[in-house]
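Hi,

Here is the structure I promised to pass on. Have a look at it first, and my notes follow below.

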Amino acid sequence: FLGQLFVVLKHGVPPFTAFFWSLANVVLLLTAALLSRRFVISPFHLRHQRDVLTLAALVPLSVIPGGIVAAIGSYAGRSPDPFIVSAISWAASDAIGIILLAPVMLSWVTRAPKPAGSFAEAISLFPLLTVCTFATLSHAARSALDRSLLSFLFFFVAWAAVRFGAAGTAVSLLIIDVIQVWATRFGLGPIASPWLTVEERI
């Protein structure tokens, strides 16, 4: 709370808005914790359909209260966006963060059989995936192959899945997602559309 409040205030956000934005993240954590304690059945490791459906239901429920709190701060700070747009935007960004990171964290803390892949194979696979993802997504020129090249990256996801299980798959997808968001933010890659604003691209 205090860390975000300090950073937001340093960027010139009005104090009332900064307080509510920081409070929104606290509300998110409390809501997610309360809902998890009430509805999550242990063990929870995304190996069963029940766990996946529980996560899919809890994510939107967890982000709604924080989105409303953040929208109150934005609205009071004279944001040009309507209240509902601010709330949905904040909640959606929180939901994306949870969806990206939850499988990675759960797959790494869950006990699982030792993967078939070796350490040497891992330090070959993940840097190679990172380089190929950058090469695929960090160019500005458009071509007919753009969208086809995206499917090439799934070779690496399949490799990680077969050799390193759920943990390898989650890390692979996280690498691709982070680079894709970065590239789209700067108008690069096949997903970026130059005529859209930065917020719309993301």
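I68 is partly exposed, at a relative accessible area of 38% (buried means under 20%, exposed over 50%, partly exposed in between, with a 1.4 Å probe and protein chains only). You'll find I68 in helix 3; helices are DSSP runs of H or I with at least four residues, strands are runs of E with at least two, and both are numbered from the N terminus.

One caution: this is a predicted model, where local features need pLDDT of at least 70 and side-chain atom pairs count only at pLDDT 80 or more, while totals for chains, interfaces and linings use all residues. Residues are numbered from 1 along each chain as its sequence is written, and side-chain values use heavy atoms, leaving out hydrogens and water.

Now the wider picture. The protein has 8 helices and 0 strands. Of its 202 residues, 36% count as buried.

Helix 2 is worth a look too. Its 25 residues (15-39) should span 36 Å at 1.5 Å a residue, and the end C-alpha atoms are 36 Å apart, so the two agree; the expected span is 1.5 Å times one less than the number of residues. Among the buried residues of helix 2 are F20, V27, L28 and L35. Their cover includes helix 1 (2-10), helix 3 (49-76) and helix 4 (83-109).

Finally, contacts (heavy atoms within 4.5 Å): of those in the protein with a separation of 6 or more, 63% are between residues 24 or more positions apart.

Cheers
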